[in-house]
Amino acid sequence: MKAALASLALFLLFPALAAPQKLDRQVCITIDDLPATSANLMSGPEILDLNTHLLATLKQYQIPAVGFVNERNLYFKLNEVNDTIKSLSLWLDGGFELGNHTFAHTSLNHAGLLEFEDAVIQGEPLIRLLLAQHGMKLRYFRHPYLDTGRDLQTRRAADAFLTQRGYRIAPVTLDAWDWNFAALYEDARRRRDLPLQQEVVAAYLSFHEAILDYSEKLSRSLIGYEPKQIILLHGNWLEADHLAELLDLLKKRGYRFITLEDALSDDAYGLPDTWVGEEGRGWIERWAITRGQPPLGAPVFPAAIQARINGLPRALQPQPPQ
């Protein structure tokens, strides 16, 4: 009896100790390289089909999302451009939003500032037109490869240019390299190799679990909580076919889905960030490096999958920035 009374007293005095606190995990879905990462290898109708499948899943789960466009990917087959443009219109018709990812996926680090600025401007015309037809404005930009500058002077000049053109930069805090898995998955899909497709999907989901563990723990140790996350995905058949499984994984981990505007309201995105480098990084790692606490123990991409990717014909392998 005394023990029960003691427990009741603790519950009344310290209710937070009575049960584990449920984390309010939130994530924004962003999808790069629209209308399709491998648009040069696809027909217009196939690109339209891919986006139809991708959007059907987002609608089924009632999830907001922003798609980032490389306008060049619309024009590989000029006689099929109506289908590729319709692919983007489907996003806006469905209540989703589009952002700029440069015309031809141009890396700031490799192209330099002037060429990068030109690539941003070239990437705007059609997106602005389509958004205007839906009463919307172009407001988000995502750096290709997450390359934001090799030095602070270039980075700050590029940031000022983007701000002047009315953009907010879309950061990334969760990135499990779906684009790399997708190269192998899409080859297996074309060849109707179902066992390999299943192997790739299993590895893709497992690697997402590892990245989520890593990013959640890193953010808690660095800033004391898990910020509103922004996940990077791509316009490919891996996502079109299996996005639902990833969304289920996120839901099981307690995530609810929010807009990019909501995500950027988190104070974490105002943290000091002076990171520069040859290759892009996620924003949680940037904050850590800025604080002089370079993160350790990041998950390693599965070697068996990478070996298979390396064995693909060169034309099918993911290409690094030039």
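The second largest pocket is lined by 13 residues; Arg155, Ile169, Pro171, Tyr269 and Trp283 lie nearest its centre. A pocket here is an open set of points on a 1 Å grid over the protein atoms alone, where a 1.4 Å probe fits, with protein on both sides within 12 Å along at least five of seven lines; lining residues have an atom within 4 Å of a point. The model is predicted: local features need pLDDT of at least 70, side-chain atom pairs count only at pLDDT 80 or more, and totals for chains, interfaces and linings use all residues. Residues are numbered from 1 along each chain as its sequence is written, and side-chain values use heavy atoms, without hydrogens or water.

The lining has seven nonpolar, two polar and four charged residues. α7, β5 and α12 each supply at least two of the lining residues. Helices (H or I, at least four residues) and strands (E, at least two) are DSSP runs, numbered from the N terminus.

Helix α12 spans residues 283-290. Six of its eight residues are buried, so the rest of the structure largely encloses α12. Buried means under 20% relative accessible area, exposed over 50%, partly exposed in between (1.4 Å probe, protein chains only). Trp283 and Trp287 are among the buried ones. Glycine 292 follows α12, with a positive phi near 80°.

Most residues other than glycine have a negative phi. Two exceptions follow.

| Residue | Phi | Relative accessibility |
|---|---|---|
| Threonine 102 | about 75° | 0%, buried |
| Tyrosine 145 | about 60° | 30%, partly exposed |

Threonine 102 sits in the loop between β3 and α4. Tyrosine 145 sits in the loop between β4 and α7.

Conventions
Ala, Val, Leu, Ile, Met, Phe, Trp, Tyr, Cys and Pro count as nonpolar, Asp, Glu, Lys and Arg as charged, and the others, Gly among them, as polar.
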